[in-house]
Amino acid sequence: MRTITYYVVLIIISFLTQQLSAQKSYEKEVEELKNRKEEIVSQEKDALRLEVEHINKQLEKGKISAEEATKLKEAAAKKRALNIENRTAIIDNRIALLERNQGQVLELDSLDSKNRLLLTFDIDDEDDRIFGIRINERDWDRDYKYDRRTYSDLVLAIGLNNALIEGQSLDDSPYKIGGSRFFEMGWQWRTRVFRNSNWLRFNYGFSFQFNGLKPENNQFFVQNGDQTGLQEFDVELDKSKLRMDNLVFPVHFEIGPSKYREYRNGFRYSLDDQFRLGFGGYAGFNLGTRQKLKYTRDGERVKDKFKRDYNTSDLIYGLSAYAGIEGVLLYVKYDLNPIFRDAPVEQRNISLGVRFDL
C-alpha cells in the first residue's frame with residue numbers, strides 16, 4: 001500500500017510540475033508577443049520613412065509633381081497604418097488565445113494519424129504526454145493517406161527440399177528430388193531505411209519452417225545412439241518421410257525500385273509491379289522431428305508415426321534470398337547448421353521454391 005501511495009504522490013508532483021512549467025512557458029510567450037508588437041510598429045514606421053525618402057527623390061528629379069508626391073505619401077502612410085493594425089491584431093488574438101486557455105492551445109499536430117482529436121494535459125516542447133487523453137471523436141476522412149515507414153505481410157513459401165552432403169553432388173543425394181518438399185508460413189515487417197527514399201528496406205519477422213526429406217531405395221531413418229542414418233526397410237514402403245519443424249526469425253535487406261505516389265494529405269511508396277531482391281539469413285530452433293512410414297504387412301495397411309530427436313540440430317541458422325515482382329518471388333534458403341549432430345558426414349538442408357508476400 002505504501003508503494004502505491006508513493007507512486008501516486010510522485011505522479012501528482014510530476015503533474016503539478018508540468019502544469020507550473022506550462023504556466024511559466026505561456027506567460028513568457030505572452031511577454032514576447034507584447035514585445036513583438038512594439039517591433040512591428042517600429043518596423044512599419046521605418047519602411048514608411050524609406051518610402052517617403054524615395055518619393056522625395058523622385059520629386060527632386062522632376063519625375064513626379066508635388067501633387068503626385070502628396071498622393072503617394074498619403075497612400076504609403078495608409079498602407080503602413082493598415083499593416084500595423086493587421087499585424088498587431090494577429091498578435092493580440094494570439095495573446096488572448098493563450099491567456100484564455102492558460103497556454104493549453106490545440107495546434108494542428110494535435111490530430112493523430114486517424115485525424116482524431118488528441119488532448120493532453122501537458123504542452124511542453126518535446127511532447128512528453130503525461131496523463132494524456134485521446135478522444136476519438138470521429139474519422140473525418142477515412143481515406144487520409146499518411147506516409148508509413150513500416151508495413152507488414154503474411155509470408156507463405158512452398159517448394160522442393162533436399163540436402164547437400166559433404167563430398168557429394170546433389171545428383172547423388174539419397175533423397176527424392178521431387179518428393180522432398182518444404183513449406184514456410186510466417187509474418188514479416190518491412191521498414192524503409194531512409195527517410196526520403198525507398199530503394200532499401202529492412203525486413204524482419206518470424207516463420208515456421210517445415211522441411212521434409214523422402215529417402216530413395218526403400219530406406220528409412222534409424223537412430224542408433226548419437227548417430228542417425230538410413231537403412232533399408234524389410235518390406236516395400238509406400239511412403240517414407242522425415243520432417244523437421246523449425247521456428248526461425250528471418251532478417252533480410254531488400255532493394256528495388258518503388259512508385260512514389262502523392263495524395264491530398266500525404267504520400268506513399270508503392271511496390272506494385274516492382275522488382276524486389278532480398279538477401280539475408282535466419283536463426284531459430286528446432287521444434288520437433290517426425291518420421292512417417294506407410295507400408296503393407298500381411299495384407300494390412302500400416303501407418304507408423306515416430307516423434308523422436310533423431311539427433312537433429314537444436315539450433316537452426318542459415319542464409320536465404322528471394323527475387324521477383326511485387327509479392328510473387330523465387331525463394332532459396334540454405335541451412336548452415338548440419339541436419340544431424342555429430343554425423344561422420346555432414347548434411348545441410350537446402351530449399352528452392354516460390355514465396356508469396358500477401
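Which residue forms a salt bridge with Arg-80, and how far apart are the closest N and O atoms? The partner is Glu-44, at 2.9 Å. The views below come from a predicted model, where local features need pLDDT of at least 70, side-chain atom pairs count only at pLDDT 80 or more, and totals for chains, interfaces and linings use all residues. Residues are numbered from 1 along each chain as its sequence is written, and side-chain values use heavy atoms, with hydrogens and water left out.

**View 1. Arg-80 and Glu-44 form a salt bridge (a side-chain nitrogen of Lys or Arg within 4 Å of a carboxyl oxygen of Asp or Glu).** Arg-80 sits in helix α2 and Glu-44 in helix α1, so this pair ties together parts 36 residues apart in sequence. Helices (H or I, at least four residues) and strands (E, at least two) are DSSP runs, numbered from the N terminus. Both Arg-80 and Glu-44 are buried (under 20% relative accessible area; exposed is over 50%, partly exposed in between; 1.4 Å probe, protein chains only).

**View 2. Asp-92 and Lys-37 meet through their side chains in a salt bridge of 2.8 Å, N to O.** Here Asp-92 of helix α2 is linked with Lys-37 of helix α1 (residues 2-60), 55 residues apart. Asp-92 is partly exposed at 34% relative accessible area, and Lys-37 is partly exposed at 27%.

**View 3. Arg-290 and Asp-245 form a salt bridge, with their closest N and O atoms 2.6 Å apart.** Arg-290 belongs to strand β11 (residues 275-297) and Asp-245 to strand β8 (residues 237-255), 45 residues apart. Arg-290 counts as partly exposed at 31% relative accessibility, whereas Asp-245 counts as buried at 5%.
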